[in-house]
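Dear colleague,

I am handing over the structure below, and after it I set out what was found. Please keep the sequence and the 3D view open while you read.

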Amino acid sequence: MDFAFTEREEMLRKAVREFAEAEIPPKMEAMEETGEFPVDLLKPMAQVGITGIITPPEFGGVGMGYVARTIVLEELGRVCAAFPMALQVHHMACAALSDFGTDEQKKKYLPRLATGETMGVVAVTDPSGGSDLIGMKTAAELKGDKYILNGRKCFITNSHLANFWIVIAKTGEGAKGLSAFIIDKDTPGAKPGRKENKFGLRGANTGELVFDNCEVSKENLIGQEGQGLGVALKTISETGRTGMAATALGILQAVYEEAGKFASERILYGKPIGALQAIQFFMAEIYTQLDICRLLNYRANWMKDQNMRCDTETGMAKYYTCNAAVDAAKKAIEIHGSYGIMKEYAIQRLFRDAMVTVPAGGTAEVAKTGIGRAALAPFKKR
Amino acid sequence: MNRIIVCVKPVPDPKQWDKVSMDPETKTLKREGIPNIMNPLDKHALEAALALRESHGGEVVLLSMAPPFAKTTIREGLAMGADRAVLLSDRVFAGSDSLATSEILAAGCRWIGDFDIVLCGNLSIDGSTAQICSQLAEMLDLPNVMHVTGLEGSAGGNLVITQKIENGYVRLASGFPVVLSVRKELNKPRYISFAGILAAESKEITMLSNKDLCVNPEHVGLAGSPTKMAGLEVRKFERKKERLEGTVDDIVEKLVEKIYQCGVIEC
């Protein structure tokens with residue numbers, strides 16, 4: 001069992017770290033204040049390959065797989081978690097099109113995502129609830145050869161940054177009653193609605209999409225009518241959860257570095273506080289959590305790259321890493337003492353960012369439902 | 001344009017300078033366990049080469065004198081876009097000062113052959129001698145320009161060079177071949193792309209030892225280095241602290257006087 005990263009993966013990590021450390025910090029103050037994503041970085045990210053990392057080369061991407069994607073998102077998250085938050089949803093759009101789109105849809109939309117012309121959106125959550133997909137209210141009624149969409153999607157990442165959206169809407173009842181549509185932004189009856197004002201991951205644009213008698217051609221169906229639940233679940237499970245987990249992993253790495261630096265520099269009783277056992281215990285817990293989460297994340301993504309079923313593993317990575325990031329950030333604030341609650345110190349931003357990852361992309365409880373089933377499956381009596 | 005050689009050097013990551021120490025016997029730096037990066041100014045040199053290739057064609061070849069671990073740094077240069085690389089590596093090169101290094105690099109340039117430009121960074125952040133470029137040019141018997149801040153080809157086939165001097169800039173025209181060293185103001189190096197990383201895996205790195213280069217053994221390594229390292233110390237700078245008392249007007253007046261006394265502003 002070889003746990004080492006390959007030379008390619010190490011170079012990838014170094015390349016992303018260099019880009020992230022140079023380009024992102026000058027944008028962060030404005031992002032925290034305004035909550036807006038720095039769209040001028042889209043093209044540079046595309047040139048490096050970030051926006052097209054999982055998109056096949058024939059559609060303008062690099063096609064490097066999910067372990068590579070995790071490295072990229074982790075390194076971006078280490079500097080500013082709003083970036084992987086935005087990009088992981090962008091990648092969800094790439095994955096939905098790659099996995100379920102027709103050749104024409106792939107040719108038309110994937111290059112726009114890979115080149116940074118637009119951010120990607122997969123709009124699943126209704127105001128009626130994100131965890132209850134089948135209960136969604138946004139509906140698409142077939143009239144002649146067009147679908148008429150009505151409804152609202154909320155908490156949609158990149159809602160105002162995309163020139164097309166992938167939208168899941170109700171076309172029937174039950175598990176086969178959802179369908180996935182590609183909707184261009186300038187389609188009459190479709191528009192972005194309000195922007196949300198989050199307390200963390202500021203700069204990852206989150207907002208509403210509103211549909212009012214929006215006409216969508218049958219050609220804009222992704223897959224067949226009634227396949228929407230499959231599109232949503234596969235995309236969320238394999239690309240969304242892994243993306244959120246990698247975002248939280250980046251935060252956790254940043255938390256560890258901030259805590260370690262502070263513990264080594266803050267002098268009390270004539271020595272760095274890192275010499276005190278209480279602080280060492282905190283650091284041991286943070287360090288162990290980081291390693292556990294790294295293993296969970298890279299194992300789940302390795303399985304995805306091997307085309308192995310991995311929904312249990314991605315669920316574990318997502319719920320565990322996001323909660324661990326919050327826990328570690330809280331410990332790091334305690335290491336910082338009162339400095340930890342001052343806005344000049346990065347650790348408070350990391351705590352807020354970590355908190356937002358917990359419900360985003362699926363709650364821990366929904367993930368545990370699936371994990372619990374998998375855990376009990378070997379013991380099930382016939 | 002036919003061929004541009006870019007000299008690149010792996011240097012210890014400056015973020016970990018505090019872990020670098022000196023071998024008390026050989027007076028050389030102990031770099032084991034410290035990650036390396038490409039010398040930052042060499043990246044600017046490489047970017048210039050890639051830009052010239054994009055407008056005038058030709059081949060960009062990386063040249064480095066370093067131990068085998070330098071392959072990682074060289075791959076980064078290939079990932080940036082260089083076509084191939086030559087690594088000059090031999091135990092007998094260890095401890096070479098800038099003169100010995102220049103002679104080895106000159107041999108490497110002759111081995112590659114048929115080049116139009118040799119590009120270097122002005123200096124490396126570890127040794128900071130800034131001597132390689134001019135010594136290399138001398139050994140190759142070629143013209144040399146340092147402190148290059150502008151570089152472009154002209155319609156007449158010459159190279160138009162902007163050189164920073166003490167009180168301004170000089171504009172020069174040069175034929176080929178020529179040896180140049182660049183400042184960071186020249187350009188902003190491109191980031192390594194993921195496609196570049198994949199492409200770099202199939203690009204050639206040729207390793208040459210002194211058996212291939214045939215440099216006089218008395219001119220290489222510690223024995224061939226007239227410059228001897230005497231010592232290495234870390235300077236500590238303590239901040240001077242002084243509290244100014246009085247009214248706001250008093251403090252402002254005293255502060256202005258201090259600023260003049262320190263030479264921050266000249267009268």
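The contact between the two chains takes twelve residues from chain A and ten residues from chain B, where two residues are in contact if their C-beta atoms, placed from the backbone, lie within 7 Å. On the side of chain A that touches chain B, the elements giving two or more residues are α1 (7-23) and α3 (42-48) of chain A, and α1(A) gives the most, with six residues. Helices here are DSSP runs of H or I with at least four residues, strands are runs of E with at least two, and both are numbered from the N terminus. That side of chain A divides into eight nonpolar, two polar and two charged residues; Ala, Val, Leu, Ile, Met, Phe, Trp, Tyr, Cys and Pro count as nonpolar, Asp, Glu, Lys and Arg as charged, and the others, Gly among them, as polar.

Before going further, please note that this is a predicted model, in which local features need pLDDT of at least 70 and side-chain atom pairs count only at pLDDT 80 or more, while totals for chains, interfaces and linings use all residues. Residues are numbered from 1 along each chain as its sequence is written, and chains are lettered from A and ligands numbered from 1 in the order in which they are written.

Helix α3 of chain A also holds Ala46(A), which is partly exposed, with 19 other C-beta atoms within 10 Å. A residue is buried if 20 or more other C-beta atoms, placed from the backbone, lie within 10 Å of its own, exposed if 12 or fewer, and partly exposed in between. Leaving aside residues up to four places away in sequence, Ala46(A) touches Thr51(A), Gly52(A), Ala114(A), Thr115(A) and Gly116(A). The C-alpha atom of Ala46(A) is separated by 34 Å from that of Ala332(A), and the two residues are 286 residues apart along the chain.

Chain A is divided into domain 1 (7-114), domain 2 (122-229) and domain 3 (239-379), with bounds that come from an automatic or database domain assignment. The C-alpha centres of domain 2 and domain 3 of chain A lie 31 Å apart. Between these two domains of chain A, five residues of domain 2 are in contact with six residues of domain 3, and the domain 2 side has two nonpolar, two polar and one charged residues.

Two helix pairs in chain A share α7(A), and they are described in turn. The axes of α7 (residues 228-265) and α9 (residues 311-336) of chain A come within 8 Å and cross at roughly 20°, which makes α7(A) roughly parallel to α9(A). Axes are lines fitted to C-alpha atoms, for helices over the stretch in contact, and angles run from 0 to 180 degrees between N-to-C directions; angles under 35 degrees count as roughly parallel, over 145 as roughly antiparallel, 65 to 115 as roughly perpendicular and the rest as oblique. The crossing of α7(A) and α9(A) is left-handed, a term that applies if the near helix is turned anticlockwise from the far one by less than a right angle, with right-handed used if it is clockwise. The residues of this contact of α7(A) with α9(A) divide into 18 nonpolar, six polar and five charged.

α7(A) also packs with α10 (residues 346-357) of chain A, at an angle of about 160° and with their axes 10 Å apart, and α7(A) and α10(A) are therefore roughly antiparallel to each other. α7(A) passes α10(A) in a left-handed crossing. Among the residues that meet here are Met244(A), Ile251(A) and Glu258(A) in α7(A), and Ile347(A), Leu350(A) and Asp353(A) in α10(A). By class, the contact of α7(A) with α10(A) has nine nonpolar, two polar and two charged residues.

In chain B there are seven helices and 13 strands, and 36% of its 267 residues count as buried. The C-alpha trace of chain B spans about 75 × 55 × 40 Å along its principal axes.

The peptide bond from Phe176(B) to Pro177(B) is cis, with omega near -5°, and Pro177(B) is found in the loop between β11 (168-174) and β12 (178-182) of chain B. Ser128(B), although not a glycine, has a positive phi of about 60°, and Ser128(B) counts as exposed, with 9 C-beta neighbours inside 10 Å.

Best wishes
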